[in-house]
Amino acid sequence: MFNVELQKEGSDALFSVGNIYAGKVKKLMPGLNAAFVDIGYKKDAFLHYLDLGAQYKSIDRFHRQALADRKKQPSISKMKLEPDIDKDGSISDVLKVGQEVLVQVAKEPISTKGPRLTAELSLAGRYLILIPFYNKVSVSQKIKSKEERDRLKQLVQSIKPKNFGVIVRTVAEDKKVIDLDSELKTLVKRWEESLPKIQKNKLPSLVHEERGRVVGLLRDVFNPTFQAIHVNDKDTYHQIKDYISLIEPAKKDIVKLYEGELTIFDNFAVTKQIKALFGKTVTFRNGAYLIIEHTEALHVIDVNSGNRSKNPEAGQENNAFEVNSAAAEEITRQLRLRDMGGIIVIDFIDMSDGEHRNQLLSKVQELMAHDRAKHNILPLSKFGLMQITRQRVRPEMEISTTEDCPTCFGDGKMRPSILFTDTLRSKISYIVNKLKVKKFTLHVHPYVAAFINQGIISLGLKWKWRYGLGKFKIIPNQNLAYLEYHFYDENKEEIDMKEKYEMGL
């Protein structure tokens with residue numbers, strides 16, 4: 001089974017799932033049995049009573065001790081844990097406005113909502129999840145062997161510190177005690193290193209930052225079947241290589257630094273797939289297609305047979321089942337690609353055969369079994385609708401597949417396209433003769449690059465003879481619109497040539 005996921009995060013992304021903050025209660029909402037907490041986001045974060053966790057009193061006492069004596073770090077292992085809070089209690093019995101609290105981001109800000117918080121703190125590793133102020137050891141239910149589950153539980157119970165709970169993840173199956181002990185010590189050390197931030201920083205403050213999305217993703221999905229990991233950024237390359245060397249030393253050489261001239265996504269044919277798969281309409285087999293619409297409340301997917309050739313001998317029922325089965329494969333793939341969460345309603349082609357309806361439900365359940373997000377699937381309704389709820393912890397992936405005109409900027413008027421190459425030639429002349437740039441690259445749409453390079457004595461070759469063979473290279477870039485272009489120097493910094501002077505100077 002191949003993973004089909006695309007994750008995108010800006011370098012300035014904040015408030016990631018797993019980050020721990022010291023915040024301040026701004027408002028109590030008894031009607032919702034919840035509180036709003038200031039953790040530094042433009043909107044206060046939401047903390048429900050049920051997300052406080054049974055051991056909230058212990059966390060609160062530890063936090064107060066840390067603030068009371070800022071020169072001495074309290075020890076969880078030496079604490080006596082407080083009694084659990086009442087499951088049916090009220091938020092106003094536990095929290096007060098202005099109170100300082102330790103919280104963790106459970107869901108990133110989505111749409112108009114602020115982050116969703118939990119006070120059940122945890123630190124995730126590859127094999128284990130460490131839970132401070134908790135004494136139990138749990139083992140993933142996905143480990144089927146009872147003997148293995150018992151072995152792991154006893155093993156972790158013997159090595160974990162007092163007052164720390166542990167959840168053993170599925171990938172820990174068959175691992176040796178040295179691997180688990182090493183990671184457990186690392187997680188405890190990460191917790192201890194975050195404590196001084198509670199005592200020294202002003203509120204609100206980031207106490208513990210979850211590892212970057214790249215390492216976090218590898219932690220969750222990496223397995224020995226991986227054959228290559230290609231990276232086009234040196235810092236990220238070293239970060240990933242160090243992490244793979246730590247968790248799977250024999251696999252460290254599969255991490256490769258990409259230094260090709262084409263963009264990394266173009267080189268591995270990813271750009272074209274993104275353009276084809278993230279639009280409103282997605283074609284999946286023999287002319288059949290999906291229409292995917294998004295609203296604030298839910299996602300709607302409509303299945304259409306299109307101009308697909310039907311088999312008259314099979315009949316309408318069998319043809320509908322065939323299209324629906326193929327659509328199920330593409331829909332479950334799209335849910336993971338776009339990381340669609342919340343309520344998803346799918347309008348399949350109507351089928352009257354009860355057996356076909358059951359088979360379709362079973363197929364969707366089978367395909368979704370590999371999805372790491374928690375989900376629930378309801379049978380087809382009498383109207384042919386299937387409802388799916390899927391865990392949403394961060395905003396849905398949105399990638400625009402339309403392109404803004406780079407030459408008219410939306411006003412509908414542009415210079416003659418036949419003179420476009422003259423524009424490029426004059427700007428190359430300006431870069432070489434006026435700016436005195438020694439080496440640079442020109443990125444253009446693949447069709448334009450093909451036109452410039454066509455023939456034995458191509459237009460590109462003529463430019464190189466005129467301005468110096470070693471001066472520049474023409475790079476096709478699938479991310480660019482038809483008449484869009486960008487110049488980059490040898491350090492890959494863009495040379496801003498847009499609208500600096502009129503063509504022909």
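The model is predicted, so local features need pLDDT of at least 70 and side-chain atom pairs count only at pLDDT 80 or more, while totals for chains, interfaces and linings use all residues. Residues are numbered from 1 along each chain as its sequence is written, and side-chain values use heavy atoms, with hydrogens and water left out.

**Helix H13**
- Gly 460, Trp 463 and Tyr 467 are buried in helix H13, which spans residues 459-467; buried means under 20% relative accessible area, exposed over 50%, and partly exposed in between (1.4 Å probe, protein chains only).
- Viewed down the axis of H13, these buried residues fall within an arc of 60 degrees, so they line one face of the helix; the arc is that of the directions from the helix axis to the C-beta atoms.
- Helix H11 (420-434), helix H12 (446-453) and strand E20 (472-476) are what the buried residues of H13 pack against.
- Helices (H or I, at least four residues) and strands (E, at least two) are DSSP runs, numbered from the N terminus.

- Ile 456 lies in the loop between H12 and H13.
- Ile 456 is exposed, with a relative accessible area of 81%.

**Ser 58**
- Ser 58 is located in helix H1 (residues 56-68) and is buried, at a relative accessible area of 0%.
- Neighbours within four places in sequence aside, Ser 58 is in contact (heavy atoms within 4.5 Å) with Met 79, Leu 81, Glu 82 and Phe 133.
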